Amino acid sequence: MTKLYYNVSEFMDSVSDFYDIICKPCSEARISCYVKIIDKYIKNNDINILDFGCCTGETAIKLSEHNYYIEGIDISKRMVKIANEKAKIIRSSSKFFVADMRDINISKLYDVIYSNSLEWLQSYECLLNMIYSAASKLKENGIIILDFPNSKKFLKNYSKLSASTVTMKNNVYYKLTKFNDVEENIIDSSQTYIRINKDKGDIDTFSIDLVWRIHYLEEVIMLLKNAGFDVLETINEYNQKTFEDSLFIQVVGKKVNNLKTDQIKVKELKPELTQCRIIQIEKEKKEHNKDDNKKGEKNEKSKV
């Protein structure tokens, strides 16, 4: 069976049963980093947290082990169902709902909102809507944690094709990600999940064409500030690496009292966003030239 999907939520529904097996979506480093951030900035005894883009609830459920009350949202109905089933099995208090993080209809307010799904937001409008959505659901002085690919590392070192495989019992699972084209920070890609039953010889293939935006750090910080957040700190890959070597970075922001209630339209921010992009590109060009010069010097020395 081969299926090509055009809708992200339907695609995620189709691969949800074996998503945790092949994707391994949560690391201990991530959990440890989030716990340190939360305990540093939130001093309440009862801490309520919302996960934007929870998938199968892996990160949320692991965080709940640290005595936080966690809820999560995702656009995939099947992912949410699996997350709730997992929480029930281990008697976790975590709960999960179907919702779009760009526009959620929940009356409750939270101490912390985090997301590691920014690359799925394909435009500045989507990212800004998500940030305003988070701001509307945060308590005063609540914090937001945005966890996303480091454009400097990712765009410089991405491979045209990445693949992973896992064998479990009678099934073999493959995940193939192909990057077809990259223009600045926009990636035209395709993703395929394959499940093979070795006994029956059945092969199930699920594919989708995707556009990812690898957001620049400066752009994310600017959009947070324009949405009424103070940026508290940036972290390099869960405090494990230097910025240059980090595949992921984390930005922590605090909702301030003078939160802007009227959303700024992205077109009003375009000049600033363009300037952010120009600054980022110029930085990366200079660093690239430095690397080339160093390589040239090494080559000259080796000749001598």
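Which strand does N141 lie in? That is where the first of these close-ups of a predicted model begins.

Close-up A. N141 belongs to strand β6, which covers residues 138-149. Look at the backbone here: N141 has a positive phi of about 70°, although it is not a glycine. Is N141 buried, partly exposed or exposed? With a relative accessible area of 36%, N141 is partly exposed, because that value falls between the 20% and 50% limits.

**Close-up B. C55, another residue with a positive phi.** C55 is not a glycine either, yet its phi is positive, at about 50°. You'll find C55 in the loop between β2 (48-52) and α3. Its relative accessibility is 17%, so C55 counts as buried, the cut-off being under 20%.

**Close-up C. E28 and K62 in a salt bridge.** How far apart are N and O where the side chains of E28 and K62 meet? The distance is 3.7 Å. The two partners come from distant parts of the chain: E28 sits in helix α2 (residues 28-41), K62 sits in helix α3 (residues 58-64), and they are 34 residues apart. E28 has 57% relative accessibility, so it counts as exposed.

**Close-up D. K40 reaches E233.** Here's another salt bridge, this time between K40 and E233, with the closest N and O atoms 3.5 Å apart. K40 counts as partly exposed because its relative accessibility is 47%.

Close-up E. The side chains of E58 and K86 form a salt bridge with an N to O distance of 2.7 Å. Again, distant parts of the chain are linked: E58 is in helix α3 and K86 is in helix α4 (residues 77-89), 28 residues apart. E58 is partly exposed, since its relative accessible area is 22%. Across the model, the count of salt bridges comes to eleven.

**Close-up F. A negative patch on the surface.** Four residues build this patch: D181, E183, D188 and D209. Pick out D209 and you're in strand β10, residues 203-213. Is D209 buried or exposed? Its relative accessible area is 54%, so D209 is exposed.

**Close-up G. A cluster of aromatic rings.** Which residues do ring pairs link into a cluster? Look for F11, F18, Y173, Y193 and F206. In total, the model has six aromatic pairs.

Close-up H. Strand β5 runs through residues 110-115, and I113 is part of it. Now find G72, which is 41 residues from I113 along the chain. How far apart are the C-alpha atoms of I113 and G72? They are separated by 9.4 Å.

Conventions: Residues are numbered from 1 along each chain as its sequence is written. This is a predicted model: local features need pLDDT of at least 70, side-chain atom pairs count only at pLDDT 80 or more; totals for chains, interfaces and linings use all residues. Side-chain values use heavy atoms; hydrogens and water are left out. Rings of Phe, Tyr and Trp (its six-membered ring) pair if their centres lie within 6.5 Å; planes under 30 degrees apart count as stacked, over 60 as edge-to-face and the rest as tilted. Patches are made of residues with over 30% relative accessible area and no salt bridge: like charges are joined within 9 Å, nonpolar side chains (Val, Leu, Ile, Met, Phe, Trp, Tyr) within 5 Å. Accessible areas come from the Shrake-Rupley method with a 1.4 Å probe; for residues, only the protein chains shown count as cover. Lys and Arg count as positive and Asp and Glu as negative; His and the chain ends are not counted. The place of a charge is taken as NZ of Lys, CZ of Arg, CG of Asp or CD of Glu. Helices (H or I, at least four residues) and strands (E, at least two) are DSSP runs, numbered from the N terminus. Buried means under 20% relative accessible area, exposed over 50%, partly exposed in between (1.4 Å probe, protein chains only).
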